[in-house]
Amino acid sequence: MAYDALFQPMKIGTMEVKNRIKMAAMGIHDAELTNPDGSYTDRGIQYFIERAKGGVGLITTGAMQVQNHFEADAHATTISNAGQGYVDGMKKLTAGVHQYGAKIITQLTAGTGRQNPIWLSDASDPIGPSDGLPNVWKPSIKHRALTPEEIRKYYIEGFKKGAVVAKEAGFDGIEIHAVHEGYLLDQFATAAMNWRDDEFGGSVENRLRFCKEIIDAIHESCGEDYPVLMRYSVVSKMKNWNDGALPGEEYQEFGRDYQESIEIAQYLEKIGYAALDVDNGTYDSWYWPHPPVYMPEYCNLKDVTFLKKHVNIPVYCAGKMADPEVCNDEIAKGNIDGVALARILLADPEWANKAQANIKDEIKSCIGCHIGCLGRLFQGKRMGCAINPECGSEICYHYEKSDIQKHIVIVGGGIAGMEAALDATKKGYLATVYEASNQLGGAFISASAMSFKKEDKKLIQWYIHECQKAGVQFIMNTKITPDLIDSLQFDELIIATGAKARQLSNIKGLEKVKVINAKDALLHPEIVGEKVTIIGGGLTGIEMAYDMVLSGKQVEVVEMKDSILGMDVVCAANGQMLQQIIKYYHIPVHLSASIDHFEEGKVYYTQDNTQHVIECDTIISSIGYISDNQLYDTLKDKYKDHIHLIGDSLQVSNLLGATWSAAELIQKL
């Protein structure tokens, strides 16, 4: 068997798990996947079942609030007051997961404390472990300390009742959320955030009294043999409030350090927690527990390996554990006991089965964009995945072979075009893709060119491989014209011609300088000099600046708006890390700045009614794109209901827009 260590059974307390792969908890709170009582809809149930079917050994559902007095607006309901409908609904989930030999636990949470997104609510009583803790989102808001009476009445009782409900619903155990990511229990556990002088503050035992009374209450109500796990962070990765540390950066830990972590983890083991699901960070350093594309692979492995040496209970490692070979080797060496996978299983629910079948090259890699998952959650939208349109919609997608044979012609071999072609073959259609260049991948070729976008490059190769395996026909180096279209035989025509770069205009001196667009700069780094001015501080412009600084170039960014990353789909974790990168690498970013004129080797801009100049040898324009739908406009009247637009040619968006528009169209054809 491939990767023997990864697929060895393990015990967590009295619970036997068939392998070392855990689906980490990810919150889903929208009405499409959850019912008003907090149970899951049929769509939500199928979402989890697909991961069990995909070979995962242990599934953790998203966090469920236990109390209904504080932060009640954060969830639709709380498990401690959930009724029989919740139990009956969750029994469908647990039975469905058990059918595939997986175990399933639910996460119970005490909530956010100082991390409560007050900007999403009208919370008038922000709580925490200590008086005066600053809110993460609005530091001017200070939290008050919970009283011992409130802790026991609203929280401990809530965990006790919630565990009973969870056990009745068929869950195999509980995971407590969490001494991790800076949530309320983490704030109580960490000395830097717990300034109390009562029984819940001071010593490690006092700071963890909250956690001890939780597990005592659960064991009292559900039995000593009912497994209780803990979500845990080794260190806080904080330099100060709202100031996170970057990978490799030398800094003084403001939050929990190694020594405190050893004491806390050992005490959690002592009081009965059966396993630790481990990563790093807080909301002040949110890119550690939710690592974006800029984070290195296995970003938490070193710290988790350190912690593993100091406890005897099983330790799962979370955080970009993408390669099953690496996971297997780390388990075999005894550095960790298992891997906790989150977004990786959104991108490819078959990760475990593919690893076990020794076809890891067929795994669809998560690219760390956060567009479909965490980003959409904070926008109040249904959770999904930018590169897997079926995620969260498994019950809605049907690819039964059609009785009607159709030939689908697709113009454009970018991600949208290949997604459409691949999905068409699932329905038994013949798909032919015409690509004007000699490469497949479209705009994603340039988007993946940056040094930290290895998984993006893999994604292009995944699409090419899967399309070829499915029998998609590729006609390369062929520019489609209306005359050529008229000569083809097809049932449906899909236009996926992407977008064109916006051009600078009406700027004095523009004709005297060479301005490179972002796409060309990414595809041809040899034409970029050593002193670069990037016009445009959107996601692409800032990512380019970072990549160029890594290669030793001097880069300045000029942005006309008063902030960078002006796209609402940029997840807070990604944006926060880019802000820290700008600060760490001292990248000048000039906001509310308008370009006045160009001279050879100089860019003049105005900011605060004052003119400034940047000396440079390269000017890059990164001011966005416009849809290239000229071919569609030419043909739409002739082919009417049989011609379709997808991806950027339909609407300039992002990778999610490309894949989702393609998949949704194929469902209708």
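Which residue just after α1 takes a positive phi? It is G55, whose phi is about 105°. The model described here is predicted, so local features need a pLDDT of at least 70 and side-chain atom pairs count only at pLDDT 80 or more, while totals for chains, interfaces and linings use all residues. Residues are numbered from 1 along each chain as its sequence is written, and side-chain values use heavy atoms, with hydrogens and water left out.

**Helix α1 and its surroundings**

- Helices (H or I, at least four residues) and strands (E, at least two) are DSSP runs numbered from the N terminus, and helix α1 covers residues 42-53.
- The 12 residues of α1 reach 16 Å from the first C-alpha to the last, close to the 16 Å expected at 1.5 Å a residue, where the expected span is 1.5 Å times one less than the number of residues.
- Because 9 of its 12 residues are buried, α1 is largely enclosed by the rest of the structure; buried means under 20% relative accessible area, exposed means over 50%, and partly exposed lies in between (1.4 Å probe, protein chains only).
- Among the buried residues of α1 are R43, Y47, F48 and E50, and what covers the buried residues of this helix includes β3 (21-23), β4 (58-65), α2 (84-98) and α10 (343-347).

**Nonpolar cores**

- A nonpolar core is a set of buried Ala, Val, Leu, Ile, Met, Phe, Trp, Tyr and Cys residues joined through side-chain atoms within 4.5 Å, and the largest one here has 146 residues.
- The residues with the most contacts inside this largest core are I176, F210, L268, Y273 and W351.
- Leaving aside neighbours within four places in sequence, I176 is in contact (heavy atoms within 4.5 Å) with residues including L108, F159, I214, V228 and Y273.
- A second, separate core of 32 residues includes Y287, V532, I542 and I582.

**Salt bridges**

- A salt bridge is counted when a side-chain nitrogen of Lys or Arg lies within 4 Å of a carboxyl oxygen of Asp or Glu, and by this rule the count comes to 35.
- R114 and D284 meet in a salt bridge at 2.8 Å, N to O; R114 lies in the loop between β5 (103-109) and β6 (127-128) and D284 in the loop between β13 (276-279) and α8 (301-308), so the pair ties together parts that are 170 residues apart in sequence.
- Both R114 and D284 are buried.
- E220 forms a salt bridge with K160, with the closest N and O atoms 3.2 Å apart; E220 belongs to helix α6 (residues 209-222) and K160 to helix α3 (residues 148-168), so this pair ties together parts that are 60 residues apart in sequence.
- E220 counts as exposed, at 60% relative accessibility, whereas K160 is partly exposed, with a relative accessible area of 23%.
- K22, E175, R231, D277 and D279 are linked in a network of salt bridges.

**An open sheet**

- An open sheet of 3 strands has the order β25-β26-β27, with antiparallel pairing, and two strands pair if DSSP finds at least two bridges between them.
- β25 (593-599) and β27 (610-615) stand at the edges with a single partner strand each, so one side of each is left without a neighbour in the sheet.
- Strand β26 (residues 602-607) is joined to β27 by 6 bridges, and the bridge partner of Q607 in β27 is T610.
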